[in-house]
Amino acid sequence: MTQTSQPSPEVRPLHIDDITVIDDAKLKKAVTAAALGNAMEWFDFGVYGFVAFALGKVFFPDASPAVQTIAALGTFSVPFLVRPLGGVFFGVMGDRFGRQKVLSLTIIIMAISTFCIGLIPSYAAIGLWAPIILLMCKLAQGFSVGGEYTGAAIFVAEYAPDRRRGFLGSWLDFGSIAGFVLGAGLVVLLQALLGERSFLDWGWRVPFFIAGPLGLLGLYLRHAAEETPAFTQQLEKMEKEDRDAVKERPRVSFLEIFSKNRKPLLVCIGMVLTTNITYYMLLTYMPTYLSSSLGYSEDHGVLIIVVVMIGMLFVQPVVGFFSDKIGRKPFLLFGSLGLLIVAFPAFKLIGHDNIGLIFIGLLLIAIFLNFLIGVMASTLPALFPTHIRYSALASSFNIAIIVAGLTPTVAAWLVETTNNLMVPAIYLMMAAVIGLITSFYLPETANRPLRGDTPTASNPREARALLQQAYDHIEQTVQEVDEEIGALEQQIETLKARRQRLTDRHPDLE
């Protein structure tokens, strides 16, 4: 008696109603809210990197100048150790309760902890408690940042139409660089207006106080933004499958994340390592390298970095725009290859006592950094499906950030211990090798729906074009399968003929 097979579940073909058309006003509000919050995050990191020499003198006055710098940068790096905890916490919350709620919470924590740094008394006033309170504030920042960038990237990616995700995602890191520029520019202005003595006494506190109103503005924008269409559709899908699912909220399975998504996790870690090591090397460590290691004045070093960053602002959206045309993979590949080639010559130029050569050296690194960060926000969220996207991305991203965040401290320590000014270049080349390896395993995500999501369009006309593209893809796939079946049938006929020849020669094999 033969066993009849069960019919496979019916798969409903894609319909025009399945394609989400994004309202332009909501899209602009979402991108602005995400980018501003990210700008605030990097405003603080930028300020901290640029005033590290001052913080070393205020909070570690008994140490030598080199140790002061390392100690201040160490306080910058230690919070990266708690970022994975923040990533797991906010990732789970984001996948259960929504992206918008979590992003509102992270910006509150970031604003309060940054503002409090400006209130900390000096070592001369309260002794050892001063660096301890500084570290506590930085730990709070590290915890909140664990869910900030990844949540903002997901927020923009899930709102963005498939054909514009690269361009719109690039504005997130535009906000990062703008935050750096604002922080660095403010430091330069205060140093010029106040002089070194007044800046060390109280001027360094001013940039941290600005975090308060920035945080309130960011909170207002994020609170006004609506939840992403992808997460809303995920809840609606669960409601249809199980009426009690929405009451219980989605459950995040880390077993599923780490067992079924090994390749995306490793790709994410590799891409984050390459990008953020370069990021922190150029934008956080380089001012200290120019002043402490090469002996340039703090004003000149910071000013050169500010000019480079302003140039990066113009390049950033261009990279995002063209990544929608030619793909994300080429930018990761050429960005990594470029860093590998130019890292050593760039640091040789930076080591010359000539502002023009220093600028060219920094610019070379910045161009290839733009190639990397220009596609980060659009690439990483596309690696994971909606129901685990926040948890998986935040976990893997912040694991890599532990290593990348140590870049300023490790680079300063290596230069101090080896007395070799080219060690940072070697460090950068190692990061570039990781990027090259990652680029070969990165799946191309340009002009495609996020993993597990239905297509997203800017308008009804684009929705119809996407629907036609989907049907064309299905027809092409069917044709390819038919060709494979034809090839297999031909192989079967060949094997049958071979078998017949063998049995003709050896009738006893019948």
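Here are some questions and answers about this predicted model.

Q: How many helices and strands does the secondary structure of the protein chain come to?
A: Happy to start with the overall picture: the protein chain has 510 residues, and 53% of them count as buried. Taking contacts between residues at least 6 apart in sequence, 86% join residues at least 24 apart. The secondary structure of this chain comes to 21 helices and 2 strands.

Q: Is H7 roughly parallel or roughly antiparallel to H8?
A: Let's take the geometry of the pair. Helix H7 covers residues 129-159 and helix H8 covers residues 165-201, and their axes lie 9 Å apart at an angle of about 150°. Angles over 145 degrees count as roughly antiparallel. H7 is therefore, relative to H8, roughly antiparallel.

Q: How many of the residues in the contact of H7 with H8 are nonpolar, polar and charged?
A: H7 passes H8 in a right-handed crossing. On the H7 side the residues are Tyr149, Ala152, Ala153, Val156 and Ala157, and they meet Arg165, Leu168, Gly169, Leu172 and Asp173 of H8. Sorted by type, the residues of this contact come to 7 nonpolar, 1 polar and 2 charged.

Q: How many residues in the contact of H19 with H20 are nonpolar, polar and charged?
A: The crossing of these two helices, H19 and H20, is right-handed. H19 contributes Thr407, Val410, Leu414, Val415 and Thr418, while H20 contributes Val423, Pro424 and Tyr427. By type, the residues of the contact of H19 with H20 are 6 nonpolar, 2 polar and no charged.

Q: Is Asn419 buried or exposed?
A: Asn419 sits in the loop between helix H19 (407-418) and helix H20 (423-441). Its phi is near 60°, a positive value in a residue other than glycine. The relative accessibility of Asn419 is 70%, and therefore this residue counts as exposed.

Q: Which loop holds Asn447?
A: Asn447 is not a glycine, yet it has a positive phi of about 60°. At 26% relative accessibility, Asn447 counts as partly exposed. You will find Asn447 in the loop between H20 and strand S2 (456-457).

Q: Which residue has a side chain joined to that of Asp95 by a polar contact?
A: Look in helix H4 (residues 83-97), where Asp95 lies. Asp95 has a relative accessible area of 1%, so this residue is buried. The two side chains are joined by a polar contact of 2.9 Å, and the partner of Asp95 is Arg99.

Q: Which residue has its backbone oxygen 3.0 Å from a polar atom of the side chain of Thr106?
A: Thr106 is part of helix H5 (residues 99-117). With a relative accessibility of 1%, Thr106 counts as buried. Setting aside neighbours within four places in sequence, Thr106 is in contact with Phe90, Ser144, Gly147, Glu148 and Arg222. The backbone oxygen 3.0 Å from a polar atom of the Thr106 side chain belongs to Leu103.

Q: What distance separates the C-alpha atoms of Gly203 and Val187?
A: Gly203 belongs to the loop between H8 and helix H9 (206-209). Its relative accessible area is 0%, so Gly203 is buried. Beyond neighbours within four places in sequence, Gly203 is in contact with Leu190, Leu194 and Ser198. Val187 and Gly203 are 16 residues apart along the chain, and their C-alpha atoms are separated by 8.7 Å.

Q: How far apart in space are Gly361 and Pro345, C-alpha to C-alpha?
A: Because its relative accessibility is 0%, Gly361 counts as buried. Apart from neighbours within four places in sequence, Gly361 is in contact with Ala346, Leu349 and Ile350. Gly361 and Pro345 are 16 residues apart in sequence, and their C-alpha to C-alpha distance is 7.5 Å.

How values were computed. Residues numbered from 1 in each chain as written. Predicted model: local features only at pLDDT ≥ 70, side-chain atom pairs only at ≥ 80, totals over all residues. Heavy atoms only, no water. Axes fitted to C-alpha atoms, helices over the stretch in contact; angles between N-to-C directions. Helix = DSSP H or I, 4+ residues; strand = E, 2+ residues; numbered from the N terminus. Parallel < 35°, antiparallel > 145°, perpendicular 65-115°, else oblique. Left-handed = near helix turned anticlockwise from the far one by under 90°. Contact = heavy atoms within 4.5 Å. Nonpolar A, V, L, I, M, F, W, Y, C, P; charged D, E, K, R; others polar. Buried < 20%, exposed > 50% of the residue type's maximum accessible area, 1.4 Å probe, protein only. Polar contact = N/O pair within 3.5 Å; in protein donor to acceptor, adjacent residues only side chain to side chain.
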